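These are my notebook entries on a single structure. I set down what I looked up, entry by entry, with the criteria beside each term.

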Amino acid sequence: MTKLTITKFFSFVIFFAAIPAIFSGCLSRASPNPTSSKSSRYDQPKILGHIANPDVTESSGLAASRCQPGVFWTHNDSGDDAFIYGISKTGTSMGTWKIPGAQNVDWEDIASYMDNTGKCFIYVGEIGDNRLRMREHVIYRVPEPVVSPEDATSTKKTALTTEKPELLRFTYVDGPHNAETLMVNPQNGEIYVVTKRQSGSAGVYRLRPEFSDERIFQAEKIADISVPSIPNGLLTGGNISPDGQRMILCDYVSGYEFKLPAGSAQFDDIWKQPAEIVDLGNRPVGEAVCYSADGKSIYDTSEGKAAAVIEINVKP
């Protein structure tokens, strides 16, 4: 999300955040989701540290590595070049990598994925479109860089380089959309983009994990989704749990966890379920959220310099 857009909408969101009754389970009449409740699954959020890398000023996405314990990946919003940054859960720097040939016009989210051979990848979503003018969007996929202690001192000026990215270029089946949520299903690699709307429910779009330098794919709309907030579709980030049974979405106010019903074999059943509200702590401009690699914790950050890294653990 650009700084101009943040300024435009943030006071609006803060106003409604001050009205607790709004978030106790009331949804708009157009909501496709049942009434929600506050989650009893998690402990209170706690700050573990702050992002130490001074180059990270707008942490707009967050992903936990599936191959390297304790490693998280983030990136800046629009205005940066094509860099991804490794950080620890306390915010210490683990290094800076540039994705060759990629362009950061409006990067909005990042995801991690381990395939059935045990190889790990990083996905970065060029999916922002505040003015609804983008002819197409791009999802970059690169093999996850291997982090070593000596990488921690790298900066944008001395950045390491990832392997050449694969590209998934796409359009929406029903016209342009702005989006800030990119998720990858850990069970089959299918990709989900959830739009960000100022009014009404958000749209859920699915893409097969097909990458090509030449083809442009079309994202299939499969659902609408609402969270217990006003606006109810102003979603800024999300992640699917490592076991594929849960999903966390966020807006500027809270987190919203969805769970597959017992016995369901279809992940897309999750879009019809009620959300449980999760307290993500103090996030001045919260656009980044993810599960830990073991699924037992949620982590989030905020845009801004030296942003806090917040942990929310499952209750013992």
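**Entry 1**

The model is a predicted one, in which local features need pLDDT of at least 70, side-chain atom pairs count only at pLDDT 80 or more, and totals for chains, interfaces and linings use all residues. Residues are numbered from 1 along each chain as its sequence is written, and side-chain values use heavy atoms, with hydrogens and water left out.

The bond joins Cys67 to Cys120, with an S to S distance of 1.9 Å. I noted a torsion of about 85 degrees about the S-S bond of Cys67 and Cys120, so the disulfide is right-handed. Cys67 lies in the loop between β3 (59-64) and β4, and Cys120 lies in strand β8 (residues 120-126), so the pair ties together parts that are 53 residues apart in sequence. Helices (H or I, at least four residues) and strands (E, at least two) are DSSP runs, numbered from the N terminus.

For burial I used relative accessible area: buried is under 20%, exposed is over 50%, and partly exposed is in between (1.4 Å probe, protein chains only). Cys67 is partly exposed at 35%, whereas Cys120 is buried at 6%.

**Entry 1. Aromatic pairs**

I then listed ring pairs. Rings of Phe, Tyr and Trp (its six-membered ring) pair if their centres lie within 6.5 Å; planes under 30 degrees apart count as stacked, over 60 as edge-to-face and the rest as tilted. By this rule I count 11 aromatic pairs.

One of them is Trp73 with Trp97, edge-to-face at 5.3 Å centre to centre and 70 degrees between the planes. Trp73 belongs to strand β4 (residues 72-76) and Trp97 to strand β6 (residues 93-98), so this pair ties together parts that are 24 residues apart in sequence. Trp73 is buried, with a relative accessible area of 0%, and Trp97 is buried at 3%.

I also recorded Tyr172 with Tyr205, an edge-to-face pair at 4.8 Å centre to centre with 70 degrees between the planes. Tyr172 is in strand β11 (residues 166-172) and Tyr205 in strand β14 (residues 202-207), so the parts tied together are 33 residues apart in sequence. Tyr172 is buried at 6% relative accessibility, and Tyr205 is buried at 1%.

Elsewhere, ring pairs link Tyr113, Tyr123 and Phe211 into a cluster. I found Arg141 over the face of Phe121, at 4.7 Å from the ring centre. The criterion is that NZ of Lys or CZ of Arg is within 6 Å of the ring centre and within 35 degrees of the ring normal.

Is strand β13 (residues 191-195) enclosed or open? I find 5 of its 5 residues buried, so β13 is largely enclosed by the rest of the structure. In a regular strand the side chains alternate between the two faces of the sheet. Ile191, Val193 and Thr195 point one way from β13, Tyr192 and Val194 point the other way, and all are buried.

I checked strand pairing next, which requires that DSSP finds at least two bridges between two strands. Strand β12 (residues 179-184) runs antiparallel to β13 and is joined to it by 5 bridges; Ala179 has Thr195 of β13 as its bridge partner. The two form a hairpin with 6 residues between them, and Gly189 in the turn has a positive phi of about 80 degrees.

β13 also pairs with β14 in the antiparallel sense, over 4 bridges. Here Val193 has Tyr205 of β14 as its bridge partner. β13 and β14 form a hairpin with 6 residues between them, where Gly200 in the turn has a positive phi of about 85 degrees.

**Entry 2. The whole chain**

The protein has 1 helix and 22 strands. Its C-alpha trace spans about 50 × 45 × 45 Å along the principal axes. Of the 316 residues, 57% count as buried.

Notes
Disulfide = S-S within 2.5 Å.
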